[in-house]
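This briefing is written for a reader who is meeting a protein structure for the first time. Please look at the sequence and the model below before reading on.

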Amino acid sequence: MSELKKTALHSQHVDLGAKMVPFAGYDMPVQYLLGVKGEHLHTREKAGLFDVSHMGQVFLTPDDKDFSTTAKALEKLVPADIQSLKPGEQRYSQFLNEDGGILDDLMISRLALPGYEHVLYLVVNAGCKDADYAHLEKHMPENVKVSVKDDTLSLIALQGPRAAAVLACLNSDVEKLTFMTHADLELKGTLDAPVWAHVSRSGYTGEDGYEISAKHDDMVRLVEELLSYDDIEPIGLGARDSLRLEAGLCLYGHDIDTSVSPIEAGLIWSVQKNRRSADAGYLGAKRVASDLADKTTKRLVGIKPDGKAPAREHTEVQDMDGNTIGEITSGGYGPTVDGPIAMGYVARKFFKAGTPVQLIVRGKPRPATVVKLPFAPHNYFRGN
Amino acid sequence: MSIKYTEDHEWVKVDGDTAVMGISAYAAKQLGDVVFVELPEVGRKMEKGDEAAVVESVKAASEVYAPIGGEVTEVNEALEDAPETVNASPDGDGWFLKLKIKDTSDLDGLMDETKYKAYCEGL
């Protein structure tokens with residue numbers, strides 16, 4: 001096995017007492033001194049800082065400086081409507097294969113910086129990024145340049161109800177951003193020199209907050225500054241997972257992969273209405289259209305075990321007569337819910353909230369209920 | 001009543017023909033916040049090394065093995081409502097179950113407190 005890669009923040013994690021684990025080829029913090037549960041609750045009550053620099057950051061730049069050139073090219077690979085993106089807007093979508101299976105899920109932003117509004121900025125999953133880069137290289141036309149920035153840019157998330165107030169101390173303009181919008185700006189606070197950063201109001205916890213991209217050296221300084229605020233604690237991958245599960249957000253490689261379509265995964269909200277026909281012109285469009293019409297396909301749902309026992313990934317889901325109807329794809333304990341929570345696929349006729357099911361945990365059937373996602377309410381900032 | 005430990009971080013205390021068992025402070029710390037403990041039924045017979053219980057932390061499920069063989073005479077039902085007791089008091093109120101000892105020779109080879117402490121330091 002090749003040596004694990006390190007993010008620019010690696011030594012900060014170690015100094016903070018993080019327990020480091022291999023994740024997607026990187027040596028990453030799974031938890032700090034607070035522990036998974038403490039970090040989870042701190043994020044929901046105040047704010048948490050996550051190093052997500054292992055994720056891939058890519059820019060798509062058209063030679064002709066015409067936004068529609070980039071948008072049309074990317075629209076061949078994702079179900080989302082990209083041409084309608086305005087400068088400063090961000091959208092969630094997926095790369096699909098020819099069969100409509102999900103190759104990866106990603107964030108797509110149209111830059112707002114004057115003179116760069118023709119550029120798209122993508123953030124992709126660490127575990128898929130090499131394949132994603134190859135996929136982009138293969139499918140982008142010659143006049144759209146694919147620039148991978150993993151060697152120069154770090155990425156952090158600042159999440160929780162105190163995130164906006166703290167980041168506003170570094171630049172008050174961040175408070176004006178609404179959910180799924182972004183800006184390029186200088187962050188200063190008590191820093192000796194300002195940090196030039198790409199700041200988007202988004203995240204993976206269900207809380208209000210930001211994702212911030214900056215050059216490696218600048219990010220080291222920025223993280224030091226942010227952690228000097230009492231409200232901010234560093235948060236590891238363990239709590240990142242429990243937070244996103246409570247928020248009902250999919251994790252690639254678990255809840256979504258090439259075996260499911262965005263429709264089966266409940267991601268229809270990310271496929272704009274003008275992109276739902278079989279001839280929408282992107283890889284996998286036929287599958288998206290046929291899964292929309294076919295009422296027999298499986299669906300990703302929230303599942304709440306009735307007792308205290310968590311049901312983990314791969315747990316079998318049965319109907320009340322003992323017939324297999326699906327499988328858990330993410331499951332564990334939700335610290336905010338204070339109980340077990342799970343997501344999984346069930347046959348279409350069982351997908352209604354309130355449907356009783358049973359989960360086979362260590363050979364024993366345990367009662368559970370299909371529920372509406374999320375488990376913890378989203379607290380996104382959509383404007384005053 | 002002396003306490004003995006296994007290499008898998010279970011502890012066992014013997015009192016006459018009864019033994020009480022749980023997981024060590026080292027194990028509880030490694031697991032992190034315990035959120036559920038699945039305990040066996042009273043009356044179940046187990047051999048040394050059999051799966052005795054399952055302890056679930058926020059992140060994962062881990063098996064707990066019987067440090068000695070015997071028949072389960074009592075389980076710590078308080079853990080059902082308060083699994084966090086395992087973290088707060090791993091070798092006290094966070095005990096898992098009591099066994100009627102089948103064969104005291106099962107205790108041979110288990111570590112005493114001093115040896116176990118050295119063993120953990122070496123990990």
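How many salt bridges does the rule find across the interface of chain B and chain A? The answer is five, for an interface that belongs to a predicted model. The points below take up that interface, then pairs within chain A, then the cysteines, and finally some features of the backbone.

**Where the two chains meet**

- On the side of chain B, 15 residues are in contact with 14 residues of chain A, and the area buried between the two chains is about 1300 Å², with carbon and sulfur atoms giving 49% of that area.
- The residues of chain B that lose the most area to chain A are Glu38(B), Val58(B) and Lys59(B), which together account for 38% of what that side buries.
- Besides the five salt bridges across this interface, the rule finds nine residue pairs in polar contact, with both residues at pLDDT 80 or more.
- The elements of chain B that give two or more residues to this side are β4 (34–38), β6 (51–57) and α2 (78–81), and the residues of the side divide into seven nonpolar, two polar and six charged.

**Charged pairs around Glu38(B)**

- Side chains of opposite charge can pair when their charged atoms come close.
- Glu38(B) forms a salt bridge with Arg362(A), where the closest N and O atoms are 3.1 Å apart, and its side chain also meets that of Arg366(A) in a salt bridge of 2.9 Å, N to O.
- The pair of Arg366(A) and Glu38(B) crosses between chains, from strand β19 of chain A to strand β4 of chain B.
- Arg366(A) counts as partly exposed at 23% relative accessibility, whereas Glu38(B) counts as buried at 11%.
- A network of salt bridges links Arg312(A), Arg362(A), Lys364(A), Arg366(A), Glu38(B) and Glu56(B).

**Charged pairs within chain A**

- Over all chains, a search of the whole structure finds 19 salt bridges, and one of these joins the side chains of Arg44(A) and Glu207(A) at 2.9 Å, N to O.
- Because Arg44(A) lies in helix α2 (residues 35–45) and Glu207(A) in the loop between β11 (195–200) and β12 (209–215), this pair ties together parts of chain A that are 163 residues apart in sequence.
- Arg44(A) is buried, with a relative accessible area of 13%, and Glu207(A) also counts as buried, at 5%.
- Arg244(A) forms a salt bridge with Asp255(A), the closest N and O atoms being 2.8 Å apart, and both of these residues are buried.

**Cysteines without a disulfide**

- The count of disulfides over all chains comes to zero.

**Features of the backbone**

- The peptide bond from Leu373(A) to Pro374(A) is cis, with omega near -5°, and Pro374(A) lies in the segment after β19 (364–371) of chain A.
- Asp338(A), a residue other than glycine, has a positive phi near 55°, and it lies in the loop between β16 (324–334) and β17 (339–346) of chain A.
- His9(B) is not a glycine, yet it has a positive phi of about 75°, and it is found in the loop between β1 (3–5) and β2 (10–15) of chain B.
- His9(B) is buried, with a relative accessible area of 13%.

How values were computed. Residues are numbered from 1 along each chain as its sequence is written. Chains are lettered from A and ligands numbered from 1 in the order in which they are written. This is a predicted model: local features need pLDDT of at least 70, side-chain atom pairs count only at pLDDT 80 or more; totals for chains, interfaces and linings use all residues. Side-chain values use heavy atoms; hydrogens and water are left out. A disulfide is a pair of cysteine sulfur atoms within 2.5 Å. Contact means heavy atoms within 4.5 Å. Buried area is the accessible area (1.4 Å probe) that two parts lose on being put together, summed over both. A salt bridge is a side-chain nitrogen of Lys or Arg within 4 Å of a carboxyl oxygen of Asp or Glu. A polar contact is a pair of N or O atoms within 3.5 Å; within protein, one must be able to donate a hydrogen and the other to accept it, and residues adjacent in sequence count only if both atoms are side-chain atoms. Helices (H or I, at least four residues) and strands (E, at least two) are DSSP runs, numbered from the N terminus. Ala, Val, Leu, Ile, Met, Phe, Trp, Tyr, Cys and Pro count as nonpolar, Asp, Glu, Lys and Arg as charged, and the others, Gly among them, as polar. Buried means under 20% relative accessible area, exposed over 50%, partly exposed in between (1.4 Å probe, protein chains only).
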